[in-house]
Amino acid sequence: MSLSDVWRYKMKLKENKPCVTPTTRQSRETYLADKYLIIEANGGLNQQRGSICNAVAVAGLLNATLLIPRLNFHNVWRDSRQFGDIYDDEHFISTLKKYVDVVRELPKELMEHYDFNISNIPNIRVPAWAYASYYLEQVDPVLKRKRIIRIAPFANRLATSLPPRIQYLRCLTNYHALRFSIPVTTLAKSLVQRMTRDSSGSGGKYVSVHLRFEEDMVAFSCCVYDGGKYEQLEMEQIREKGWGDKFKRKDYIIDPVRNRIMGRCPMTPLEVGMMLRGMGFSNTTPIYLASGKIYEAEKNIAPLKKMFPLLHTKDLLASSDELASFQGYSSRLAALDYIVCLFSEVFVTTQGGNFPHFLLGHRTFQYGHAKTIIPDKRKLVVLLHNTSISWHAFKNEMQLMLEESDHKGVFVPKIKKSTRQNSIYAHPFPECQCLQGSRNSTEE
């Protein structure tokens, strides 16, 4: 990125109006201390992160006290840890205290009505992407009457466009209040230091790649790789274990060819390696691979390792003793990847999803502009399946793809209305810019 691009980026941000901070909790006359909100955050690490931010926003909107969010166990993510195992709960509560009360336990006299069992508390089903008006008109009357409500599931249960004072609570939560727990940050920062040390040949700079080639992701995509009966049966078993009969419904169409043409298939390690080499990254480039357990790892990682010998993962950087308390807990392992990617010189996303969505916003908020490579997967599929294309021609196409990705990274749109694509989680400016410089960011 040139100096002129950086200057234009900063000037563009200055043109945007700062976000609107809400009045503090103590000064709100309508605040009612006897209304309590419980949410259950489902999904993986970053889907849960979005739910937590939305929970704070809803609590602020309804003037309710929030029970520290509960994290749901799922057959795919399989992480039974709770909020305080992943995030610094003390920091979370203290950062939000001026605007929203967050408590670890509900009042005893209130829980007596429900036999001290949270599952007995009335659960309200809220439609996906519900507007603030829905909560005020449909949820708040029930909350006032019952004093306590539970919303489960809570993923994607709040619209992206909100009143400025409520949007501020989302910004505050995501970029300041949600700081990873001390065990997570301690190990993650050690990994960053080791990655930087092992990148001394490039001035301590490294490239991070978010690879979504885990077996559950391959199965969910319904794409075909090596093919054959064995892969088909294996993927069917994984889909049934993780998602039940979802993929067997008559209305669910499985079309591997169309999925690949549309760029929906997870990139293989080989494809990632070819793309990066084509874009000009040399075989001396240090690479950090952020991923879960790779599908048939030994076979699939080998070609990437050959193209980039300085390939690292958390399992290679950390000792088995250091990772012992993290094993079996996917969200804590993902948090390690998140922090190492946050500090990388270049971040490469290969599949989309919540991880790159949140990381893109976090890197933008922390650095102003951080280089991110988002490949055009539809174009890439055509090029990779063209057996007659020369390496020179392929490299030229990859250079054009890289330039296009860089251009999109520099561009700062004038956002008139928040949408799912330009939410504050991926694009924090202009709505969250008033938080910059006020306090340290969540993972500084």
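Arg-147 lies in the loop between α6 and β5; helices (H or I, at least four residues) and strands (E, at least two) are DSSP runs, numbered from the N terminus. Although Arg-147 is not a glycine, its phi is positive, about 75 degrees. With a relative accessible area of 24%, Arg-147 is partly exposed, where buried means under 20% relative accessible area, exposed over 50%, and partly exposed in between (1.4 Å probe, protein chains only). Asp-115 is another non-glycine residue with a positive phi, in this case near 55 degrees. Asp-115 sits in the loop between α5 (108-111) and α6 (132-146) and is exposed, with a relative accessible area of 62%.

One joins Ala-152 and Pro-153, with omega about 0 degrees, and Pro-153 belongs to the loop between β5 (148-151) and α7 (164-177). The other runs from Phe-429 to Pro-430, with omega near 10 degrees; Pro-430 is in the segment after α19.

## Model and confidence

This is a predicted model, in which local features need pLDDT of at least 70 and side-chain atom pairs count only at pLDDT 80 or more, while totals for chains, interfaces and linings use all residues. Residues are numbered from 1 along each chain as its sequence is written, and side-chain values use heavy atoms, with hydrogens and water left out.

The mean pLDDT (the predictor's confidence in each residue, from 0 to 100) of the protein chain is 88, and 86% of its residues reach 70 or more. Residues 26-32 have pLDDT below 50; in the model this stretch makes twelve contacts (heavy atoms within 4.5 Å) beyond near neighbours in sequence. Residues 411-416 also have pLDDT below 50, with ten contacts beyond near neighbours in sequence. Where pLDDT is low, the predicted coordinates should not be read in detail.

## Overall fold

The protein chain contains 19 helices and ten strands. Of its 444 residues, 52% are buried. Among contacts with a separation of 6 or more, 79% are between residues 24 or more positions apart.

The accessible surface of the chain comes to about 21,500 Å², and carbon and sulfur atoms hold 52% of that area. These areas come from the Shrake-Rupley method with a 1.4 Å probe; for residues, only the protein chains shown count as cover.

## Salt bridges

The count of salt bridges is 17, a salt bridge being a side-chain nitrogen of Lys or Arg within 4 Å of a carboxyl oxygen of Asp or Glu. One of them pairs Arg-194 with Glu-322, at 2.7 Å from N to O. This pair links distant parts of the chain, Arg-194 in helix α8 (residues 182-197) and Glu-322 in helix α15 (residues 320-323), 128 residues apart. Glu-322 is partly exposed, at 28% relative accessible area. In the salt bridge between Lys-299 and Asp-226, the closest N and O atoms are 2.3 Å apart. Here the link runs over 73 residues, from Lys-299 in helix α13 (residues 297-307) to Asp-226 in the loop between α9 (215-221) and α10 (228-243). Lys-299 is partly exposed, with a relative accessible area of 43%, whereas Asp-226 counts as exposed at 57%.

Asp-406 and Lys-371 form a salt bridge at 2.5 Å, N to O. Asp-406 lies in helix α19 (residues 391-410) and Lys-371 in strand β10 (residues 371-373), so the pair ties together parts 35 residues apart in sequence. Asp-406 is partly exposed, with a relative accessible area of 27%, and Lys-371 is partly exposed, also with a value of 27%.

## A buried glutamate

Glu-231, in helix α10, is buried yet has no salt bridge; the nearest side chain of opposite charge, that of Lys-299, is 6.6 Å away. For charge, Lys and Arg count as positive and Asp and Glu as negative; His and the chain ends are not counted.

The side chain of Glu-231 does reach the backbone nitrogen of Asp-226, at 3.0 Å. Apart from residues up to four places away in sequence, Glu-231 touches Cys-223, Val-224, Tyr-225, Asp-226 and Tyr-295.

## A buried glycine

Gly-273 is found in helix α12 (residues 269-278) and counts as buried, at 0% relative accessibility. Asn-283 is ten residues from Gly-273 in sequence, and their C-alpha atoms are 9.8 Å apart in space.

Conventions
Polar contact = N/O pair within 3.5 Å; in protein donor to acceptor, adjacent residues only side chain to side chain.
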